[in-house]
Amino acid sequence: NRPFFDLTKKRSHVMSSSTTTASATNDATEPKNEANNDDDEPLLLVDAGTNLLDPMYTGSYRGKSYHPADLHSTVLPRAWNNHIDKIVVLAGTIDESQEALELSKTDARLFSTVGVHPTRCTQEFGSTQEELKIAIARLKDIATEGMKDGTVVALGELGLDYARTQFCDIDSQKRGLSAQLSLATELNLPLYLHNRDTGDDLLDILKDYQKDVPQLRGIVHSFDDTFELAQSFIDLGLYIGINGCSLKTADNLSVVKSIPVEKILLETDCPWCDIRATHAGSKYLSTTFPTKKEKQYEEGCCVKNRYEPCHVRQVAEVVAGA
């Protein structure tokens, strides 16, 4: 089977100018890990889904600024210093697709997606066929540019979200999804799928879509539904994305334990979906990072409740322990 994310094509010469950042981080970026053995070969991890364009990484929380932007100075170096080998930057609008591509071109270890989140379909695609056509053409241009050097690796985040129909009605979501699935077919890109409280609707749409493609490739990210639904997505050829929101309850852990490990992709969905002490999965954590609230920001420390790519280590620990 072809891999979901092809993270091997991107130009390697960019790496020579970016690998030095990890060694420049100070000791405070090192996690505390009781189980660590210095003689062990480090396990390299991929964070398959991040929201690095979020204002929190510019120091802004709920519209108020608390500290300088630290994505390039601290957050990414902390990831590389903790054996995060590659990171996928997600997009949810057309402008974000362009911004994610531009960010990802700054480092050979960063990759991006191009797409419109289901809750943004009305905003981005409008209500007329002409507006939809123009928007899809813009997405195609961005994706085509990013595919030239392997930076763009998937179309998304696309899908359905019935929990937040106040932002976009279901018919508009399905209209946007259909248009983006057609674009994915044209570009031969895997899908980065969002699915929230939709029953079997997304599954049924993908079953129909599968009839028109040689092989369905993609990930259903931030999965927190039943094992039966996970297995149905797997049967279509999809992977299941697991992050902190997938690991909150005992039922969540039971589902994750039942999913074949070779069908799981680890992600943080940062800055969201942090694993908290009240979550069922927290008992499996062995790695912690120095952490301060945003109001007491301290360089070298993580921000409380603001997840980062380095925390994909914690997701891996819970999945392994469940």
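A cavity, on a 1 Å grid over the protein atoms alone, is a set of points where a 1.4 Å probe fits but cannot get out; residues with an atom within 4 Å of a point are its lining. Grid points are joined across faces, edges and corners, and the space filled by probe spheres set on the points gives the volume. The structure described here is a predicted model, in which local features need pLDDT of at least 70 and side-chain atom pairs count only at pLDDT 80 or more, while totals for chains, interfaces and linings use all residues. Residues are numbered from 1 along each chain as its sequence is written, and side-chain values use heavy atoms, with hydrogens and water left out.

The confidence of the predictor in each residue is given as pLDDT, on a scale from 0 to 100. For the protein chain the mean pLDDT is 91, and 89% of the residues reach 70 or more. In residues 11-28 the pLDDT is below 50, and this stretch has 23 contacts in the model beyond near neighbours in sequence; a contact means heavy atoms within 4.5 Å. Residues 34-38 also have a pLDDT below 50, with one contact in the model beyond near neighbours in sequence.

A search of the whole structure for cavities of 30 Å³ or more finds one. About 40 Å³ of space lies in the largest cavity. Its lining consists of Phe 223, Asp 224, Asp 225, Ile 242, Ser 246, Asn 252, Val 255, Val 256 and Ile 259.

Two of these lining residues, Phe 223 and Ile 242, are also among the residues with the most contacts inside the largest nonpolar core. A nonpolar core is a set of buried Ala, Val, Leu, Ile, Met, Phe, Trp, Tyr and Cys residues joined through side-chain atoms within 4.5 Å. Buried means under 20% relative accessible area, exposed over 50%, and partly exposed in between (1.4 Å probe, protein chains only). The largest core has 73 residues, and Leu 247 is another of those with the most contacts inside it. Leaving out residues up to four places away in sequence, Leu 247 touches residues that include Ile 242, Asn 252, Val 256, Ile 275 and Val 315.

Side chains of opposite charge can pair when their charged atoms come close. The model has 17 salt bridges, each a side-chain nitrogen of Lys or Arg within 4 Å of a carboxyl oxygen of Asp or Glu. In the salt bridge between Arg 276 and Asp 274, the closest N and O atoms are 2.8 Å apart. Arg 276 is partly exposed at 40% relative accessibility, whereas Asp 274 is buried at 10%. One network, made by salt bridges that share partners, joins Asp 70, Arg 78, Arg 306 and Glu 308. Asp 208 pairs with Lys 211 at 3.4 Å between the closest N and O atoms; Asp 208 is partly exposed at 44% and Lys 211 is exposed at 65%.

The count of disulfides (pairs of cysteine sulfur atoms within 2.5 Å) is zero. The closest cysteine sulfur to that of Cys 301 belongs to Cys 302 and lies 7.6 Å away, which is too far for a bond. Cys 301 is buried, at 7% relative accessible area, and Cys 273 is buried at 10%.

Conventions
1 Å grid on protein atoms, 1.4 Å probe; cavity = no way out; pocket = protein on both sides within 12 Å on 5 of 7 lines; lining within 4 Å.
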